[in-house]
Amino acid sequence: MRSMMMIIRKYIIALLLLIPVIASAQTDRDYIRQGNKAYKAKQYPESEVRYRKALSINHENPQALYNLGCALMMQNKMSEAVKFFQKAASTEKNKFRKSKSYHNIGVICQGSKMYPDAIKAYSESLRNNPSDNETRYNLVLCKKLQKDNKQNDKNKQQNQSDKNKDKGNKDKQEKQKDKHQKQDKPQQNQPQMSKDNAEQLLNAAMQQERETQERLNRSRQQQQTRRLEKNW
């Protein structure tokens, strides 16, 4: 009888030791259910609190990690959401659910125009779920947007280069113009001849012309006289 009582006591003690573990697992799931209920009601801050409580009990619960990422995403806490989606993807064993985490990372990166990161995330999502057409469409779109961005950057660089070239030519023309103006300026600043001085120079030139003409006439007359004397 005594041995039977000892066995019963040991069994009760074992059950008491198991109760916290069972309660912990139930509380973990309960917090996730509460978070899901708040999330469906669009009470995203409240759902965030519930998912965090679930993770405080089991910090590697992939469902709590993924759902918390979604709650943060709906509150525009994008960088923090990516962190929890990455944790969910690394701990999740189910490929379908793993692909959803990578898909959401791709959506966040695409919205921030981080196309290389989005392409990487979408590609990883398709590796885990090749039949996801939405992810495939987003992947193709991001590749196109990345290509367009590279072309736009190339065009901007070319336009900037053309502007710099035009500016250089304009500066060169301005320098040449300034050089010509400096060369012309001394001529423009030379002192102008007065009217009296001009008349004096003109009269002197005319006088010199008359004297030259008279010398030529006398020379011709002398030559004619010598010729006449010779003929005689």
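**Close-up views of a predicted model**

**View 1. Asn76 sits in the loop between α3 (62-74) and α4 (78-91).** Everything shown here and below comes from a predicted model. Most residues other than glycine have a negative phi. Is Asn76 buried or exposed? Its relative accessible area is 61%, and since anything over 50% counts as exposed, Asn76 is exposed.

**View 2. Lys42 is another loop residue, found between α1 (2-40) and α2 (44-57).** Here too the backbone is worth a look: Lys42 isn't a glycine, yet its phi is positive, at about 65°. With 64% relative accessibility, Lys42 counts as exposed.

**View 3. Asn67 is part of helix α3.** Zoom in on the side chain and its surroundings. Asn67 has 13% relative accessibility, which is under 20%, so it counts as buried. Which residues does Asn67 touch, once its neighbours within four places in sequence are set aside? They are Ile32, Asn36 and Tyr51.

**View 4. Helices α5 (residues 95-111) and α6 (residues 115-128) come together, with their axes within 8 Å.** Two packed helices are described by the angle between their axes and the distance between the axes. For α5 and α6, the axes cross at roughly 165°. Because angles over 145 degrees count as roughly antiparallel, α5 is roughly antiparallel to α6. The crossing of this pair is left-handed.

**View 5. A closer look at the contact shows which residues of α5 and α6 meet.** On the α5 side, the residues taking part include Lys95, Tyr102, Ile105 and Val107. From α6 come, among them, Asp117, Ala118, Tyr122 and Glu124. What is the make-up of the contact of α5 with α6 by class? There are 8 nonpolar, 6 polar and 4 charged residues.

**View 6. Helix α6 on its own has 14 residues.** At 1.5 Å a residue, α6 should span 20 Å, and its end C-alpha atoms are 20 Å apart, so the two agree. Which residues of α6 are buried? They are Tyr115, Ala118, Ile119, Ala121, Tyr122, Ser125, Leu126 and Asn128. An α-helix has 3.6 residues a turn, so residues three or four places apart point the same way.

Technical notes: Residues are numbered from 1 along each chain as its sequence is written. This is a predicted model: local features need pLDDT of at least 70, side-chain atom pairs count only at pLDDT 80 or more; totals for chains, interfaces and linings use all residues. Side-chain values use heavy atoms; hydrogens and water are left out. Axes are lines fitted to C-alpha atoms, for helices over the stretch in contact, and angles run from 0 to 180 degrees between N-to-C directions. Helices (H or I, at least four residues) and strands (E, at least two) are DSSP runs, numbered from the N terminus. Angles under 35 degrees count as roughly parallel, over 145 as roughly antiparallel, 65 to 115 as roughly perpendicular and the rest as oblique. A crossing is left-handed if the near helix is turned anticlockwise from the far one by less than a right angle, and right-handed if clockwise. Contact means heavy atoms within 4.5 Å. Ala, Val, Leu, Ile, Met, Phe, Trp, Tyr, Cys and Pro count as nonpolar, Asp, Glu, Lys and Arg as charged, and the others, Gly among them, as polar. Buried means under 20% relative accessible area, exposed over 50%, partly exposed in between (1.4 Å probe, protein chains only). The expected span of a helix is 1.5 Å times one less than its number of residues.
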